[in-house]
Amino acid sequence: MAAAVQQPSRVSMKEQRYDRQLRLWGDHGQEALELAHVCLICATATGQEILKNLVLPGVGSFTVVDGSQVTGEDVGNSFFLQRSNIGQNRAQCTTELLQELNSDVSGNFVEENPDKLLDNDPSFFCRFNVVIATQLPESTLLRLAEVLWNYNIPLLVCRTYGLVGYMRIVIKEHQVIESHPDNALDDLRLDNPFPELQEHIHSYNLDHMEKKDHSHTPWVVIVAKYLEKWYNETGGQIPRNYKEKEAFREMIRQGILKNENGVQEDEENFEEAIKNVNTAVVPSKIPVCIEDILNDDSCTSLSQQTPSFWILARALKEFVAKEGQGNLPVRGTIPDMIADSGKFVKLQNVYREKAKKDTEAVGNYAAKMLQSIGKAPESISQRELKLLCNNSAFLRVVRCRSLSEEYGLHTSNKDEIISHMDNPDSEMVLYLMLRAVDRFFKHHGRYPGVYNYQVEDDIGKLKTCLNSFLQEYGLPVTVKDDYIHEFCRYGAAEPHTIAAFLGGAAAQEIVKIITKQFVIFNNTYIYNGMSQTSATFKL
C-alpha cells in the first residue's frame with residue numbers, strides 16, 4: 001500500500017518540475033525527450049550551453065566526446081569551468097558539472113579526439129538520436145557528416161566565431177506530425193457540413209425559440225443557419241470578399257432579438273458569430289503542403305522499411321479519396337463560446353464523434369497497408385493514429401541537403417548565395433567569411449588573428465583565401481573589406497554571450513528533432529551579434 005500511495009507523489013513532482021514544457025510538447029513529447037541519447041563533440045562554451053539547455057528539460061542521457069584539456073581560454077569563455085579545472089579533461093569536467101543540474105539525466109564522456117573515433121570506430125555514432133558538433137575544423141566536420149548521413153543520424157553543426165553564430169542541420173528527412181502552427185483556424189466545416197453536423201444544425205429553429213435559448217445558442221450554429229439562408233439567396237456560393245462578408249454579417253445582425261420598443265437585445269452569442277465570420281466562413285480544402293505529402297513517392301511506394309509516418313500518410317490519402325470526399329479527417333475540437341452547457345456539449349460531441357469515426361476509417365486503411373507490406377497491425381499504435389488524424393492539416397516533411405552537396409563545386413546552391421548577396425550586408429556575407437576562415441585554417445594550420453600581432457598580416461592572407469573561394473565556386477559577389485578586418489579581429493574567439501544565445505537556439509532545434517514537434521529550419525541559420533539580426537538559408 002505504501003508504494004501505491006507514493007507513486008502519485010513522484011508523478012506530481014515530475015509534473016511540477018517540467019510543468020511549463022509539458023504544456024508545450026505534452027507527455028508524449030517529454031517521453032521522447034527522456035528516451036533520447038545525444039552526443040556532443042567538443043565541449044567548448046557553445047557545446048556546454050547547448051547541453052545545459054537539454055539537461056534542464058530532462059533529456060535522457062548525453063555523451064561528451066572531447067580529447068582536449070581545459071585551458072585558460074576555456075575558463076574565460078565558459079560559465080561552468082573554473083581555474084581549478086585547467087589541465088583536466090574537458091569532456092569529464094563538462095559531464096560532471098552538467099549532471100549537477102538534473103539528477104534524472106545520465107551523463108557519459110569519452111576522452112578521445114573525434115578524428116581518432118572516425119578512424120577507428122565510426123559506428124560509435126550509431127547509438128545516438130542526435131549528434132551535435134561544435135567548433136570543428138572543416139575536414140573533420142565533412143568526415144563526420146558523411147558517416148552520420150550514411151547511418152541516417154541527424155547532425156546539428158554549431159559554431160561561435162567572434163560575434164557570429166552559425167548552425168546547420170544535416171538530416172535526410174524529418175517528419176513532423178505536430179507542427180503547432182501559429183493562428184491555426186478551427187476545423188468547423190461550415191461551408192459544407194458533414195451529415196451529423198447538418199442534422200444537429202437543423203434541430204435548431206432560431207425563429208421559434210425562447211429568449212434564453214436564443215441568446216445561448218452556440219455561434220457556430222448561428223453562422224451555419226445563416227449560411228443556409230445565404231446559399232438560398234446566392235445560389236450556393238459562400239461569402240468570399242469583404243463586401244459579401246459584410247453583407248453576411250448584416251444578415252446575422254438582423255437576426256438579433258428586439259424588445260417591445262424595437263431595440264435590439266444584447267445577445268453576445270450573435271456578436272460572437274459576427275466577429276467570427278472571417279475565420280469560420282472559409283472553404284474547406286486540403287493545404288498545398290499536405291497535398292505534396294500525399295503525392296510524395298514515399299507515400300505511394302510502401303515497403304517493410306517505410307516509417308509509420310508514411311504508412312499513415314498513405315492511409316490518409318485513401319481516406320481523402322473515399323470517405324473524406326476530398327477532405328481531411330475532422331479535427332474534433334471546437335473553440336470556447338457563449339452557450340449553455342447542454343448546447344455546447346452536444347455540439348462538441350457531434351465534432352468529437354465525427355473525428356472518432358474518421359480516425360477509425362483511417363485506421364482501417366492503415367491496417368490494410370501494414371498487412372500488404374507484411375507488418376503487424378499493432379506496429380502502429382492507436383496514439384500515433386489519433387495524433388496524425390488530429391493534426392492531418394499540419395503535417396510537415398523537411399528534407400535537408402547533405403554537407404557534401406553544399407560543399408561540392410557542382411552541387412553548391414550558388415543561386416541562393418548570389419540572390420542574398422544583392423544586399424552586401426546580408427547575413428550571407430558572414431557565411432562566406434566562415435568558409436574563408438576555414439580555408440585559411442586549411443592553408444595555415446590556424447585561424448586568422450588569433451594573436452594581436454597577427455591581425456594586420458592576416459588581413460591580406462584572409463582576403464586571398466576569400467577571393468580564391470569565390471573564384472573556385474564561381475560566385476560573382478563582392479565582400480566589403482570591413483568584414484575581412486572584423487573576422488581577423490575576432491581571432492576565432494568564442495565569447496560566452498554569443499555561445500549562450502546559440503546554445504538556447506540549438507537546444508530548441510534538437511528538442512524539435514527528438515520530439516518530432518514544431519518545424520526545424522532548413523538548413524542554415526546565421527546570427528549576427530553585431531546587428532542582433534539573424535537569417536536562415538537553404539544551402
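Mentor: Let us begin with one side chain, keeping in mind that this is a predicted model. E509 belongs to helix α24, which covers residues 496-515.

Trainee: Is E509 buried or exposed?

Mentor: The idea is to look at the relative accessible area, where a value under 20% counts as buried. E509 has a relative accessible area of 5%, so E509 is buried.

Trainee: Which residues does E509 touch, once those up to four places away in sequence are set aside?

Mentor: E509 touches I169, I520 and F521. With F521 there is also a polar approach, as a polar atom of the E509 side chain lies 3.3 Å from the backbone nitrogen of F521.

Trainee: How should I read the chain as a whole?

Mentor: Start with its elements and its extent. The protein chain has 24 helices and 10 strands, and its C-alpha atoms fill a box of roughly 90 × 65 × 50 Å along the principal axes. Of its 539 residues, 51% are buried. Among contacts with a separation of 6 or more, 70% are between residues 24 or more positions apart.

Trainee: What should I look for in the interior?

Mentor: In soluble globular proteins, nonpolar side chains tend to be buried together. Here the largest nonpolar core has 60 residues, and those with the most contacts inside it are F125, L432 and F487. Helix α21, residues 428-444, gives the largest share of this core, with 10 residues. There is also a second, separate core of 39 residues, which includes W25, A91, L98 and A505.

Trainee: What does F125 touch, not counting residues up to four places away in sequence?

Mentor: The contacts of F125 are with C39, I41, L117, L118, V131, L144, L148 and I153.

Trainee: How many aromatic pairs does a search of the whole structure find?

Mentor: The search finds 16 aromatic pairs. One of them joins Y161 and Y447 in an edge-to-face arrangement, with 5.9 Å from centre to centre and 75 degrees between the planes.

Trainee: Why can the pair of Y161 and Y447 be said to tie together parts of the structure?

Mentor: Y161 lies in strand β5 (residues 155-161), whereas Y447 lies in the loop between α21 and α22 (455-472), so the pair ties together parts that are 286 residues apart in sequence. Y161 counts as buried at 2% relative accessibility, and Y447 also counts as buried, at 17%.

Trainee: How do I read a helix that has buried residues?

Mentor: An α-helix has 3.6 residues a turn, so residues three or four places apart point the same way. In helix α23 (residues 481-490), the buried residues are Y483, I484, E486, F487, C488 and Y490. Their cover includes β5, β6 (164-170), α21 and α22. Just after α23, G491 takes a positive phi of about 55 degrees.

Trainee: Is N278 buried or partly exposed?

Mentor: N278, which is placed in helix α13 (residues 277-280), has a relative accessible area of 43% and is therefore partly exposed. Leaving out residues up to four places away in sequence, N278 touches K245 and R249. The side chains of N278 and R249 make a polar contact at 3.2 Å, while the C-alpha atoms of N278 and K245, 33 residues apart along the chain, are separated by 7.4 Å.

Trainee: Where is Y18 placed?

Mentor: Y18 sits in the loop between α1 (2-17) and α2 (19-35), and at 3% relative accessibility Y18 counts as buried. Beyond its neighbours within four places in sequence, Y18 is in contact with Q30, E34, L56, P57, G58, N102 and D104. The C-alpha atoms of Y18 and E34, 16 residues apart along the chain, are separated by 12 Å.

Note on methods
Residues numbered from 1 in each chain as written. Predicted model: local features only at pLDDT ≥ 70, side-chain atom pairs only at ≥ 80, totals over all residues. Heavy atoms only, no water. Helix = DSSP H or I, 4+ residues; strand = E, 2+ residues; numbered from the N terminus. Buried < 20%, exposed > 50% of the residue type's maximum accessible area, 1.4 Å probe, protein only. Polar contact = N/O pair within 3.5 Å; in protein donor to acceptor, adjacent residues only side chain to side chain. Contact = heavy atoms within 4.5 Å. Core = buried A, V, L, I, M, F, W, Y, C linked by side-chain atoms within 4.5 Å. Phe/Tyr/Trp six-rings, centres within 6.5 Å; stacked < 30°, edge-to-face > 60°.
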